[in-house]
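Please look over the sequence and the structure before reading on.

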Amino acid sequence: METPEINKETVSESKVVSNFIRFIIDRDLESGKHTGVVTRFPPEPNGYLHIGHAKSICLNFGLARDYKGRCHLRFDDTNPVKEDVEYVDSIMDDVRWLGFDWNEHLYYASDYFDKLYSFAEYLIEHGKAFVCDLSFEEMRTYRGTLTVPGKNSPYRDRSVEENLKLFRAMRDGGFPDGSCSLRAKIDMSSPNVNMRDPVIYRIKKTHHHRTGSDWQIYPMYDYTHCISDALEGITHSICTLEFEDHRPLYDWFLDQLPVPCHPQQIEFARLNLTYTVMSKRLLLELVTTGLVKGWDDPRMPTIAGMRRRGFTAAAIREFADRIGVAKASSMVDDELLMFCVREDLNKSAIRAMAVLNPVKLTITNYPEDKVEELEADNNPEDASAGKRMVKFSKTLFIEREDFSENPPKGWFRLGLNNEVRLKHAYYIKCHEAVKDESGEIVELLCTYDPASRGGGTEDGRKVKGTLHWVSAAHAVPVELRLYDRLFTNSDMSVIEEGKSYKDYLNPESLIINTACMAEAALMNVKPGERFQFIRQGYFHVDKDSSEGKPVFNRIISLKDRWIAKSTK
RNA sequence: AGGGAUGUCGUCUAAUGGUAGGACAGCGGAUUCUGGUUCCGUAUGUGAGGGUUCAACUCCUUCCAUCCCUGCCA
């Protein structure tokens with residue numbers, strides 16, 4: 001896997017909007033509870049990072065940046081059956097690409113396995129943990145339900161010596177998977193089911209991506225996470241809302257153990273985006289069933305997917321800043337993400353002309369073999385982007401949609417006898433639309449006004465419509481991949497009775513366009529470059545491109561007020 | 001009477017007892033060699049009831065709605 005350098009775009013200090021977490025930190029700093037801020041981003045390496053993780057990354061690394069503290073990257077790798085180095089690598093890659101740096105603070109929960117084990121013996125010695133022989137089914141029965149208290153395990157009162165002996169036997173591979181577990185001794189009648197003697201170690205004779213076959217037992221999340229935080233001196237341990245019920249357990253472990261500090265767990269609402277799914281399970285399923293072409297499919301909400309699509313890290317960071325942080329569950333309109341992408345690209349993307357659905361246009365009063373070079377600016381938003389020369393001749397291509405024989409009200413593109421401007425070139429008028437037997441237009445016969453060279457005339461007459469175009473003899477064919485939302489349902493958490501998320505797949509989420517004719521310069525582009533195809537949208541050169549065969553991903557179309565108006 | 005949490009424009013989010021503000025989306029207009037960009041304008045909101053207070057999104061109280069929790073997943 002490629003390992004890019006830290007994103008060159010500077011992660012500038014963003015205008016800070018207060019939120020409840022900053023409020024807590026300010027208070028802790030003011031009261032002297034803390035003298036600095038240490039946060040962490042703790043992914044489990046069992047899938048690729050998505051836009052929801054990006055929110056968390058921007059939050060945690062952003063807090064560290066703004067408070068001049070530090071943010072650790074820690075892999076929560078306590079379940080070897082689901083985890084893999086491929087994910088570890090992709091996660092580091094994505095965090096770096098987003099523009100964040102953990103410096104030397106890279107950690108793995110698996111680095112703490114020895115300490116975690118010792119702490120477990122400490123709990124046993126203090127009568128706070130026991131080895132339980134209950135099977136999965138029995139344990140479920142003993143746990144009770146949400147409204148009925150649980151019952152104590154019959155193994156709950158084993159002696160410290162016996163527990164120690166059994167736990168060591170577990171460690172040494174003396175028992176098969178699932179035959180027994182180490183449990184905390186808390187309270188089976190707690191209304192919070194997480195406190196009903198939760199399992200803290202289970203037997204898994206599974207190879208671990210970092211510790212190999214060193215361990216036969218692995219610690220559970222609740223036990224591991226709080227201790228890892230404490231060991232690293234985390235001050236504020238920020239996680240999502242579903243862990244709110246786990247906070248008493250987080251605090252319980254740290255209260256029982258001789259750990260260096262007691263971080264504060266703070267929960268915030270995870271990101272939900274319209275028209276997308278965010279669950280790792282579903283994302284994995286999309287990949288493994290081939291519904292998308294890999295984790296970096298440009299339709300995926302993964303960071304790898306958005307990166308390949310052509311979104312910039314700056315746009316994603318801006319998005320994270322704009323959505324804010326709160327505790328109320330929410331669903332963010334994907335238009336906000338698109339806004340951030342357009343906002344960033346508008347300033348930076350080089351303009352070019354490409355005709356997606358070409359129709360031939362002949363300028364009847366233009367000399368047969370003449371070819372002119374016309375000057376075009378590369379970016380009207382940025383004069384430093386310079387200018388380029390574009391070839392113009394008698395035969396051109398324009399968009400088929402830019403001509404209408406019976407134009408609707410408000411139309412100011414090409415029609416019979418109305419004048420439009422060809423961007424950077426001349427004013428033209430159309431006199432005839434030539435059709436084939438089936439009635440389809442095959443050629444537009446136009447005349448041009450030589451006095452309008454460059455796109456304007458001395459008389460200053462107004463020409464409302466401006467079209468993009470390419471010279472037929474000089475244009476090059478390019479492949480376009482037109483991406484759209486993967487799903488058709490704005491709230492994917494609401495699935496109709498009897499349907500599944502697959503029933504909401506958008507059949508037009510990818511349209512491959514091989515008819516596109518582009519200005520010649522686009523033949524020599526490199527993967528990673530971004531352009532604005534004038535009047536169409538932003539495009540990103542895909543890694544599937546090869547010499548002389550460029551492939552462009554449509555990042556996002558331009559906003560189009562005409563469509564909005566004309567379909568009303 | 002299981003527990004935990006959350007309700008502010010359509011959406012996201014500020015206001016921490018003192019003018020309910022911003023952004024996206026929408027709508028209207030101006031500018032424009034991209035129906036893009038930019039600029040200007042505009043409508044829409046404190047879940048409901050009661051109470052405390054000179055003053056309540058904020059405090060108290062009752063109700064309602066929504067989300068999360070019964071993995072040896074994280």
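Predicted model: local features only at pLDDT ≥ 70, side-chain atom pairs only at ≥ 80, totals over all residues.

Which residues gather in a patch of positive charge on the surface?

## Surface charge

The patch of positive charge on the surface brings together Lys409, Lys464, Lys559, Arg561 and Lys565. One of these residues, Lys559, lies in the loop that runs between strand 27 (551-557) and helix 13 (561-566).

Lys559 has a relative accessible area of 64%. Because the term exposed applies over 50%, Lys559 counts as exposed.

## Cysteines

A search of the whole structure for disulfides finds zero. Cys132, accordingly, takes part in no disulfide: the nearest cysteine sulfur belongs to Cys180 and is 8.6 Å away. A disulfide would require the two sulfur atoms to be within 2.5 Å.

Is Cys132 buried or exposed? Cys132 is buried, because its relative accessibility is 0% and the term buried applies under 20%. Cys516 is likewise buried, with a relative accessible area of 0%.

## Leu422 and its strand

Leu422 belongs to strand 16, which covers residues 419-422. With a relative accessibility of 0%, Leu422 is counted as buried.

Leu422 and Ser452 are 30 residues apart along the chain, and their C-alpha atoms are separated by 9.9 Å.

How values were computed:
Residues numbered from 1 in each chain as written. Chains lettered and ligands numbered in written order. Heavy atoms only, no water. Patch = residues over 30% accessible without salt bridge, like charges linked within 9 Å, V, L, I, M, F, W, Y side chains within 5 Å. Areas by Shrake-Rupley, 256 points an atom, 1.4 Å probe, with all protein chains shown as cover. Salt bridge = Lys/Arg side-chain N within 4 Å of Asp/Glu carboxyl O. Lys, Arg positive; Asp, Glu negative; His and termini not counted. Charge placed at Lys NZ, Arg CZ, Asp CG, Glu CD. Helix = DSSP H or I, 4+ residues; strand = E, 2+ residues; numbered from the N terminus. Buried < 20%, exposed > 50% of the residue type's maximum accessible area, 1.4 Å probe, protein only.
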